[in-house]
Structure formats: C-alpha cells, structure tokens
There are 2 protein chains.
Amino acid sequence: MEVLINDKNEEKLIVDILQKVGVDKSDAQKVADVLVAADLRGIKSHGIARLPIYVERLQAGLINKNPDIKAVKENKGVALIDGDNGLGQVASSIAMEKCIELAKEYGISVVGLKNSNHFGIAAYYSMMAAENDLIGFVATNTSPLMAPFGGREAMLGTNPFTVAVPANDEADIVLDMATSLVPRGKVEVFEREGKEAPIGWGINKEGLNTTDPKEILEGTLLPVGGPKGYGMAIIVDILSGLMTGSTYLNDVGSLFGDRDKNQNLGMIMVAIDISNFMEIDEFKNDIDEYINRVRSSEKASGNNRIFLPGEIEYNNTLKNIENGITYEENLYGEISDLANSFELNINDYIIDRLP
Amino acid sequence: MEVLINDKNEEKLIVDILQKVGVDKSDAQKVADVLVAADLRGIKSHGIARLPIYVERLQAGLINKNPDIKAVKENKGVALIDGDNGLGQVASSIAMEKCIELAKEYGISVVGLKNSNHFGIAAYYSMMAAENDLIGFVATNTSPLMAPFGGREAMLGTNPFTVAVPANDEADIVLDMATSLVPRGKVEVFEREGKEAPIGWGINKEGLNTTDPKEILEGTLLPVGGPKGYGMAIIVDILSGLMTGSTYLNDVGSLFGDRDKNQNLGMIMVAIDISNFMEIDEFKNDIDEYINRVRSSEKASGNNRIFLPGEIEYNNTLKNIENGITYEENLYGEISDLANSFELNINDYIIDRLP
C-alpha cells in the first residue's frame, strides 16, 4: 500500500520524531525543512527516507543532539565553522548563513565546515544563497565509492557540488551534481531488475570495465568523463575535507556503513554578491532572458522541451505541494514503525491511502 | 621536416614577432610566457600554434595592440577589469594579479574580466594563484560548439574551467577541463583518419547520436556526462560572460571563425587564501601526502601508474625543457612564414632539424 502525505504534515512528522529523540525544536525544524525540500524536489533518496538512520545515529550518540556550533576561525571574507558533530542540516544552515553575511560584507566569502554529518541535498544550501541574491556554491566529500582514474580502490566519494544562480520570474538555475557518472543506488536498481549497466558506470574488483551491476557493486563507480570527474572529485575532497580539517579520501565515514564512528564530514561554501558586478534586478532579468534563449533553441529530433538545471526539480516541487508526496510501501512501513516507536500515530499525518 | 626549438628561443621568437606587430615588449613577454607554458605542458593546440591568428587579429585591429586595461569596479574582495580588447594573456594576467592581491587582503576574492580575447591555457592563471599559496579557480566561456541537453543548436561553448592547488615537494594539483566530453579538434582528427567516434562525443544536425565524425562536425559536441556538463557549461557562461558584462551563449565571438568582430570574451577568477584555514606549510605537506596516498592506491589491472590532475603536463614540462619542443612540418611552415613576413630568420631560433 502507498500513502499520501502533504509537505506540512511531513514537516510536522519529522519535527515531532526528532523532538522525541531529544533534538531542539528549532534544530528539528531545520532538518525537516531540508528533508521536505528533497521530497518535494523528487529526490526521495535524500528526503524522509534518511530520517531512520539519523534517528539511529542520534540515539547511538554518533550525532550530537545538542551541539555547540560556532566559528572557530574568522578573518574578513573567510570563516571556519566547527559543527560539533551536530546534525548536518543544522550545522550547514548555520555555515551558509555566515557565508551569506560575509558575502554581503566583503563581496565574496568562503566558509568551511568541519566535524559535521550528512546534510541532505546540497542544493538546499546553494539555494539559500540564491534567495539572498547571491551566487551560491557548496561542495562536500562523501564516503569512498570511486577509484582514482586508472585505479581500482575506492579512494574518493561521489563528492557532489552545487551552484545556484538567482533568476527573476523564472526558477533559479540550480546545478546539483555528483562527480560520479551515476549514483550507486542506480546500479543497485539495475542489479535488482537483472539489467545490464552501460559501459562507463563502474568497474569490477580488478578495475576493468563491466556491464554487470553486481560486479560494479563489488568494484567501484566511475567518475563522470574519466579524468574530468576524477579531478573534480579530488578538488571537492581537498576543499571540503582536507582544507577544513575534516576527513578525506577513504577515511570519510559512511552514513549507513560505519555504525561505530562519527562521519566527521567537511563542507565548503562560497557566495558571491552579484551586485558588485551589476544591478541585481538587471542581472536577474538577464538570467530570465538567458533561460528563455536556451529553452527556445532548436530541440533534438523527437524532443519537445529543453530544461535548465534545477527546472525539473522546481516543477516537481510545485506539483508535489499541490498533490502531496507519496510513500511507497517499504518507505511507509519504515516511517510508520519509526513513528510507532515514539508513540506517534502515522495516521495523524497521512492524508490518503492509495490503492 | 620537423624542427626542434628550446623554450628560451621560442619565447624570444614570440616576443620578437609580437614586437614587430607593435605590441609592447612587456606585453609580448606575457603572451610568450603563456604560449611557451602550453607547448612545454604538451598542449600544443594552445602554444605557438595560436600565434599566427593572434598576429592576424592584431593586424586587422580586432585585438587592441595598446590597451588601457584597468579595474572599472572594485569593492573589497571583488573587482571587474576591462580588458580594452587587448591580448587575452595580458588582460588575464593583470586580472589574476589583482585577484591574488585581493585574496591576500580579504581571504577570498573574485575578479571578473570583460572585453578580452583568447587567453591560451586556462591553467596558466590558476597556477599563478597556486604559486602564491592560494587556491586558484579560473573559467571562461568560448564560442558556441555544444547544444543544450536535449537540443541541437550550438548555444554553448566548451566553456573550460581550471582549479589549482599548491603542493610542497610534489607538483601542484592542476585540473584544467572543458565541459564537453572531447574537444572539437579530436573529432577532426578522427574524421581525417576515417575512424568512427564513440557514442557520446557528439550529435548530428538533428540532435541525434552519431559515430560519424563528419556528422558531429556538422552537428555539435556533447557535454561531458549529459546534464552535468551542460549545467557546468551554463554556470561558466553566466559567471564569466553574463555577470562580467561580456558576451554569452551563441553571441561569443570565435577566434578563427569571426574575422570581422571582436571576441569580447569574459573570464571569472577566484582565489582563496588557504592560510585562513590552516598553516600553509602544513597544508602543502598534507597535499604531498594526499598525492602519495592516491598514487599508491591499488591500480586497475594492466595499469601501473595513477596520475594526479596536471601531473602528466608537469612531467611534459620537465621533459620538454630538457629536450626541446618539436614543430611538426605544418606548424614549422606556418611559423617560418610568419617569421619571414617580419624579416626574422627562423634559423636564428631553431636548435635542430629532425629527419
């Protein structure tokens, strides 16, 4: 059975559960904002589906319920925030707020975050900058899943980065991409469905190309564009991990895999105040026009629509606010069990049961 | 016949030719530095091979021989430089010097450059930052060669970007990549040699995948990783073109294709002062160790070496400083003719003729 929930109820459900675990209401609200944004955007792997593991790590003391998150270094356009092993969404929002404040003061800013945890969708934070008329850049390293180009050992994460650019009437342009060609979850789906993976998705234990999803899962993912994705993954790892004093390379802790140690994730954020280059209204109007020039360019044969980066997720958001968010059977079972374990009744939150 | 030249003589040859065209010695020297660096790094498409078109554009008045390059906007960590349609290498070096100065003052800086021309290899400028113990980022838009994802009209350039990270004993890490999967020149080589191109290199005029290099050349290149490279190309175009007040999308002028208009290229540069995060010596030692951890990780079967981004180009530089730079027959003919046209004797510069 599938169920339907609306975004307000999902938000309340997440806040209620996290408060039961002992998280402050305002911190719980921040986590809920980020998870609901992911579900609305259609990135369900990073929505409420992550709540059970957050709760488990909070209860096990692997995430700090009451962190003291603060700047440990600050100099003009630069700050380094210590997340005190708090929830990634809480620490990352504080870091981006600092980044926005410094960008408005100095024209550009860079904020590093160390000692943090999984933060959900990276785009949430770059979009915070865009909502403040800034260009936002955010990157983080993740637990190792990719071999270096020419290697076979998982030394690098899929190390995503995101850039958001504010528009006026149009949806903001939001690029949010991993540096692997595909996520591991996609290989897992192909394995379950018994399908062959295209060449380029990953390599086997010997480091050789394979189309067998099972062999890829035993081996490693491949970076997008070979040396290009490999190089980007290294840059993200150095900026977000090494430079901030966090873990990097194959020392990065896994959200699901490492149930006995802190993740100690690092992030890097940069914001640029566009108004130093041109009037912000002029810029945002130009971006609207830019979007329309790209959108109205000639389509490939058989295609009738060109999308800008982030446009599909924006459209999903409008649609899901209107129609609600569905939980397929497994997810519903997990979230229902989680609610029950805190004596919360899932029926108080869901709005419909689908056949 | 191939000839051999050493880097010092190539540098002198470029300076001598540009001075004959009426370029200041110090500006000519800057162009020579960048072109020689490209030839030494083995990026021969961006070395002295570009000199004839620069000379042609200078003589036609499409590049300004005596530009007044200056900051037209400046506020704390931000500056916008007007290149006054001067040589790209001259304007970009001035822009990166400003970027370095501002990063040392504010911790991070962003410098836009407008009204500029082809600047050679992007890595030259990010490496300037790394030599100053900064992390350097540089991006530029280029003339249209790629369709948007789902399109078929060349709306975007291959819009490259580069990031350089300083190391201590090891070579600095230097990523320098276009956002297309392959450069157009590679497709041209495949066409000349009658070879099939792999799927993913480009599309035909209808926007459909093709393995025929001729059809790709009539169509457009494809971005690396589909929507990923497409998104990156858009971000580079907006930051370097639109935000700096330069041309963007399919208005960007072509170095070779547009002999009747200025290129009006834009660039964006960011530098980060690492010392605000950690002691620079500690950082550079950590990068050395990082490099060695990646290099010594398990190799793919049949491979005995893992390279870091920029390492091959660094090794080429050492080798070519030692052994000289070769000009194959066509290039030799072109450069020899160019020298002759200014009453310079190519024999005064070359150090050997190869069989």
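**Close-up views of a two-chain predicted model**

**View 1. Strand β6(B) and its residues.** Strand β6(B) is mostly covered, with 5 of its 5 residues buried. All views are taken from a predicted model. From β6(B), the residues B:Phe161, B:Val163 and B:Val165 point one way, while B:Thr162 and B:Ala164 point the other way, and all of them are buried.

**View 2. The pairing of β6(B) with β7(B).** Strand β6 of chain B, residues 161-165, also pairs with β7(B), again in the antiparallel sense, through 5 bridges.

**View 3. The open sheet of chain B.** In chain B, 7 strands form an open sheet with mixed pairing, and their order is β2-β3-β4-β10-β5-β6-β7. Its edge strands are β2 (70-75) and β7 of chain B, each of which pairs on one side only. Neighbouring strands of this sheet are turned against each other by 10° on average, with direction ignored. Helix α5 of chain B, residues 123-131, packs on the sheet and touches β5 (134-140), β6, β7 and β10 of chain B, and its direction makes about 160° with that of β5(B).

**View 4. The pairing of β4(B) with β10(B).** Strand β4 of chain B (residues 108-116) and strand β10 of chain B (residues 265-273) run antiparallel and are joined by 7 bridges. Within this pairing, B:Leu113 stands opposite B:Met267 of β10(B).

**View 5. The contact between the two chains.** Chain B is superposed on chain A by a rotation of 180° with 0.0 Å of shift along the axis, at an RMSD of 0.0 Å. This relation is that of a two-fold axis. The same surface serves both copies, in that 100% of the contact residues of chain B recur in chain A. The contact takes 61 residues from chain B and 61 residues from chain A. On the side of chain B that touches chain A, β2, β3 (78-82), β4, β6, β7, α8 (227-242) and α9 (280-295) of chain B each supply at least two residues. The largest share of that side, 7 residues, comes from α8(B).

**View 6. Chain A as a whole.** Chain A has 11 helices and 12 strands. Its radius of gyration is 21 Å, close to the 20 Å that the globule rule gives for 355 residues, so chain A is as compact as a globular protein of that length. Taken along the principal axes, the C-alpha atoms of chain A fill a box of roughly 55 × 50 × 45 Å. Of the 355 residues of chain A, 55% count as buried. Among the contacts in chain A with a separation of 6 or more, 65% are accounted for by residues 24 or more positions apart.

View 7. Just after α10(A), A:Gly324 takes a positive phi of about 95°. Helix α4 of chain A, residues 88-106, contains A:Glu97. A:Glu97 counts as partly exposed because it has 15 C-beta neighbours inside 10 Å, whereas a buried residue would need 20 or more. From C-alpha to C-alpha, A:Glu97 and A:Gly207 are 42 Å apart in space, and they are 110 residues apart in sequence.

Technical notes: Residues are numbered from 1 along each chain as its sequence is written. Chains are lettered from A and ligands numbered from 1 in the order in which they are written. This is a predicted model: local features need pLDDT of at least 70, side-chain atom pairs count only at pLDDT 80 or more; totals for chains, interfaces and linings use all residues. Two strands pair if DSSP finds at least two bridges between them. Helices (H or I, at least four residues) and strands (E, at least two) are DSSP runs, numbered from the N terminus. A residue is buried if 20 or more other C-beta atoms lie within 10 Å of its own, exposed if 12 or fewer, and partly exposed in between; C-beta atoms are placed from the backbone. Axes are lines fitted to C-alpha atoms, for helices over the stretch in contact, and angles run from 0 to 180 degrees between N-to-C directions. Two residues are in contact if their C-beta atoms, placed from the backbone, lie within 7 Å. The radius of gyration is taken over C-alpha atoms; the globule rule is 2.2 Å times the number of residues to the power 0.38. Copies are superposed by least squares on the C-alpha atoms of residues with pLDDT of at least 70 in both.
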